[in-house]
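Please find below a colleague's note on the model under review. It is set out as numbered points.

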Amino acid sequence: MSWKGVTIWFTGLPCSGKTSLASAVRDKLNKRGYYVEALDGDVTRKYLSKGLGFSKEDRDENIRRVGFVCSLLTKAGSISTAAFVSPYRAIRKEIRNQIGNFVEVYVRCPVEVCIKRDVKGMYKKAIAGEIKNFTGISDPYEEPEDPEVIVDTDKESIEESATKVIEKLEEMGYIEESKPYFFKLPLYLLKELQEIADKEGYESIDDLLLKMIVKSMNSFQGPKTLSKDEKEKIKERLRKLGYIE
Ligand SMILES: Nc1ncnc2c1ncn2[C@@H]1O[C@H](COP(=O)(O)OP(=O)(O)OP(=O)(O)O)[C@@H](O)[C@H]1O
Ligand SMILES: [Mg+2]
């Protein structure tokens with residue numbers, strides 16, 4: 001359904017909420033009829049980037065590969081979400097330029113809150129020195145300078161953060177605005193309706209349309225019910241023709 005591809009790139013500290021938010025955004029888009037391809041660090045590191053570690057070079061290579069996949073999807077008109085810590089500014093900029101239709105979401109959360117969440121127990125290990133180069137503890141995170149969206153996941157609910165992203169996509173024209181009770185009428189029809197509304201003394205076209213809908217519903221009487229006699233006559237005819245006994 002999407003005619004204009006876009007990559008929604010979620011960047012932030014481990015446990016800041018990237019995966020949860022990307023999944024909430026995907027659900028919302030699916031409900032509106034958009035198919036979404038979701039790329040996530042947890043999965044791509046098993047396949048696309050198998051064997052890569054967490055040195056700066058390897059991290060950049062990981063993001064470059066994911067960025068390449070996103071650029072293909074985006075060119076083909078798909079909506080993709082990408083949830084990666086992606087701590088380095090330069091590589092994020094590089095893939096932004098490569099992809100073009102790029103919406104960067106800074107999933108912001110103080111490191112202390114991330115440590116408390118510690119969904120996968122990685123912070124605990126990093127603090128104990130068991131994991132080297134862990135972003136936020138022993139490796140830097142370079143904040144985005146000019147992201148399209150910033151969400152503060154320590155203050156907002158997932159629903160609120162996801163809504164911010166959706167609104168930005170609408171604003172930038174990547175998805176259609178959702179107005180459930182809105183439909184477009186051709187201009188000539190609007191003019192005609194306005195004339196009728198003025199002539200008949202309605203305050204607005206909306207009032208006139210409402211009246212017309214109610215009127216047409218009232219005039220609809222449903223299928224005619226047959227009397228006993230009428231039913232018998234029909235049966236008799238069908239019997240003579242041999243359709244029923
Ligand atoms: N506004 C919010 N947006 C996203 N997550 C939130 C929000 N508020 C609270 N959370 C919680 O924060 C946790 C974030 O975990 P999640 O796995 O999504 O983080 P992540 O950034 O993908 O981490 P990782 O880099 O390790 O993959 C979840 O338990 C989620 O419910
Ligand atoms: Mg994640």
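The points below treat the basis of the model, the chain as a whole, and the site of the ligand.

1. The model is predicted, so local features need pLDDT of at least 70 and side-chain atom pairs count only at pLDDT 80 or more, whereas totals for chains, interfaces and linings use all residues. Residues are numbered from 1 along each chain as its sequence is written, chains are lettered from A and ligands numbered from 1 in the order written, and side-chain values use heavy atoms, without hydrogens and water.

2. The chain holds ten helices and five strands (DSSP runs: H or I of at least four residues, E of at least two, numbered from the N terminus).

3. Oxygen atoms of ligand 1 take part in polar contacts (N or O pairs within 3.5 Å). A polar side-chain atom of Lys-120 lies 2.8 Å from one such oxygen, a polar backbone atom of Gly-17 is 3.0 Å from an oxygen of ligand 1, and for an N or O atom in the side chain of Arg-117 the distance to a ligand 1 oxygen is 3.2 Å.

4. Taken alone, ligand 1 exposes 640 Å², of which the protein buries 79% (Shrake-Rupley method, 1.4 Å probe).

Methods: Polar contact = N/O pair within 3.5 Å; in protein donor to acceptor, adjacent residues only side chain to side chain.
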